[in-house]
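Please look over the sequence and the structure shown here before reading on. The briefing after them is arranged by topic and is meant to be read with the model in view.

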Amino acid sequence: MSNIPTHPSHTITMDRFTFEPKALPEADGRFHAQLTVDSGEGTSRTQRFFTFTPLFQSADRAIAYAAQQACEWMKQKSLA
């Protein structure tokens, strides 16, 4: 059995940031949206993890929501 993931990567790279939206399954079959924000390299590397409150009926919807949050985050960063 291979250890290669069978699901496609949803990684988004913008500027110096890498975003990875994910879906976290709950016991009741719904999903939380999670977003990992990664920036920097080596000892300057920073990772932030955000888990969002809404629960979704499908993993795809949770991932789409997390990806949307990444886009909103970058809009706010560009305004700062």
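Predicted model: local features only at pLDDT ≥ 70, side-chain atom pairs only at ≥ 80, totals over all residues.

Of the 80 residues in the chain, 25% are buried. The four strands form an open antiparallel sheet, and the largest nonpolar core has 12 residues.

**Overall figures**

- The accessible surface of the chain comes to about 5800 Å², and carbon and sulfur atoms account for 52% of that surface.
- When contacts between residues at least 6 apart in sequence are taken together, 38% of them join residues at least 24 apart.

**The sheet and its hairpins**

- The order of the strands in the open sheet is 1-2-3-4, with antiparallel pairing; strand 1 and strand 4 are the edge strands, each of which pairs on one side only, and the twist from one strand to the next averages 20°.
- Strand 1 (residues 12-14) and strand 2 (residues 17-25) run antiparallel and are joined by three bridges, and within this pairing Thr13 stands opposite Thr18 of strand 2.
- The hairpin of strand 1 and strand 2 has two residues between the strands, and Asp15 takes a positive phi near 55° in this hairpin.
- Strand 2 and strand 3 are also antiparallel and are joined by nine bridges; Lys22 stands opposite Gln34 in strand 3, while Pro25 stands opposite Phe31 in strand 3.
- The hairpin of strand 2 and strand 3 has five residues between the strands, and here Gly29 is the residue described with a positive phi, near 95°.

- In soluble globular proteins, nonpolar side chains tend to be buried together.
- In this model the largest nonpolar core consists of Phe17, Phe19, Phe31, Ala33, Leu35, Val37, Phe52, Phe56, Ala62, Ala66, Ala70 and Met74, and the elements that give two or more residues to this core are strand 2, strand 3, strand 4 (46-56) and helix 1.
- Phe56, one of the core residues, counts as buried because its relative accessibility of 15% is under the cut-off of 20%.
- Beyond its neighbours within four places in sequence, Phe56 is in contact with Arg30, Phe31, Ala33, Arg61, Ala62 and Tyr65, and among these Phe31, Ala33 and Ala62 also belong to the largest nonpolar core.

**Aromatic pairs**

- The structure holds five aromatic pairs; in one of them the rings of Phe17 and Phe19 have centres 6.2 Å apart and planes at 35°, so this pair is tilted.
- Phe17 is buried at 3% relative accessibility, and Phe19 is buried with a relative accessible area of 0%.
- The rings of Phe56 and Tyr65 have centres 5.2 Å apart and planes at 45°, so this pair is tilted as well; Tyr65, with a relative accessible area of 24%, is partly exposed, whereas Phe56 is buried.
- Ring pairs also link Phe17, Phe19 and Trp73 into a cluster.

**Met74 in the helix**

- Met74 is found in helix 1 (residues 59-79) and counts as buried because its relative accessibility, 13%, is under 20%.
- Although 60 residues separate Met74 from Met14 in sequence, their C-alpha atoms are 7.8 Å apart in space.

**Gln34 in strand 3**

- Gln34 lies in strand 3 (residues 31-39) and is buried, with a relative accessible area of 13%.

Notes:
Residues numbered from 1 in each chain as written. Heavy atoms only, no water. Buried < 20%, exposed > 50% of the residue type's maximum accessible area, 1.4 Å probe, protein only. Pairing = 2+ DSSP bridges. Phe/Tyr/Trp six-rings, centres within 6.5 Å; stacked < 30°, edge-to-face > 60°. Contact = heavy atoms within 4.5 Å. Areas by Shrake-Rupley, 256 points an atom, 1.4 Å probe, with all protein chains shown as cover. Core = buried A, V, L, I, M, F, W, Y, C linked by side-chain atoms within 4.5 Å. Axes fitted to C-alpha atoms, helices over the stretch in contact; angles between N-to-C directions.
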